[in-house]
Amino acid sequence: MNQPTTTPTPTPPPPKPMRGPNIIAVASGKGGVGKTWFSITLAHLFARAGRNTLLFDGDIGLANVDVQLGLTPTRDLGAVFAGKCKMREAVTRYPAGGFDILAGRSGSTSMASLGAGKMQPAAAQLIELATHYDHVIIDLGAGIEQHVQVMSSLASKVVVIVTDEPTSLTDAYAFIKLCTSRDNPPQVQVVVNQAQSQKEGESTYGAISRATTNFLHFTPPLLGIIRKDNKVKDAIRSQSSIVTTSPNTTAASDVATISIKLMRKE
């Protein structure tokens, strides 16, 4: 009697990375290009438009969202990673802006070197937390370290901030290369910050666009250009959002145009 032939069970495909459709990651590759200021301004503008918004400080180890806004949270990501509280319990309200903040832990080298074993559970908590908001903005750390990669992989959209400095362009290129090499890449868009003029901003975008087109065969769309504005430094010094201190100034108006584009795409 012939034995019945058994069909081998197919190996299931690896699970796709978790991703929040309403999560926007703000990246730079390089520090000092205005990434945190942009994230704060964008969150404030979303909130003013009636969107329930969370700003997540993903710059683990060098967190400064709370510092720029003059906040002293009772709980932050350090407490979450230490198992002292759930992520939703570490959320702090920013009343002046009408949005929520999840602060990082500044100056903690142990958090900056967290492995995937600690990061993945936190990522899962953030995905769940994001379901309670219209928008979640992740202010990523500079560079392409593991924690930056994990956090950026949660976003459906990645906004890369660049300036005309050569190091900013090369580091932004490296970050875009990392994003586009994934099996399921996010939507990557470019914002030029601190441009002396619209024309100079377009020139800066042209530089990064040519590099990615020639070597990565990918051309990230230009989301917007933010012109240089001294009111930005004034807002940071006063630990306030520029939407509160100077809502009609050049930089605030430029980010407002960007926020409208993002909301329309939603």
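Which residues does L126 touch, not counting residues up to four places away in sequence? L126 touches L54, F56, M87, V136, I138, M151 and L154, where contact means heavy atoms within 4.5 Å.

## The model and its confidence

This is a predicted model, in which local features need pLDDT of at least 70 and side-chain atom pairs count only at pLDDT 80 or more, while totals for chains, interfaces and linings use all residues. Residues are numbered from 1 along each chain as its sequence is written, and side-chain values use heavy atoms, with hydrogens and water left out.

The protein chain averages a pLDDT (the predictor's confidence in each residue, from 0 to 100) of 88, and 87% of the residues score at least 70. Where pLDDT is low, the predicted coordinates should not be read in detail.

## Nonpolar cores

A nonpolar core is a set of buried (under 20% relative accessible area, with a 1.4 Å probe and protein chains only) Ala, Val, Leu, Ile, Met, Phe, Trp, Tyr and Cys residues joined through side-chain atoms within 4.5 Å. The largest has 46 residues, and M87, L126 and V158 have the most contacts inside it. Helix α5 (residues 116-130) gives the most to this core, with 7 residues. Apart from this core lies another, of 34 residues, among them L71, F99, I137 and L262.

## Around V80

V80 is found in helix α3 (residues 77-81), helices being DSSP runs of H or I with at least four residues, numbered from the N terminus. V80 is buried, with a relative accessible area of 7%. Leaving aside neighbours within four places in sequence, V80 is in contact with C85, K86, M87, A90 and Q125.

How values were computed: Helix = DSSP H or I, 4+ residues; strand = E, 2+ residues; numbered from the N terminus. Buried < 20%, exposed > 50% of the residue type's maximum accessible area, 1.4 Å probe, protein only.
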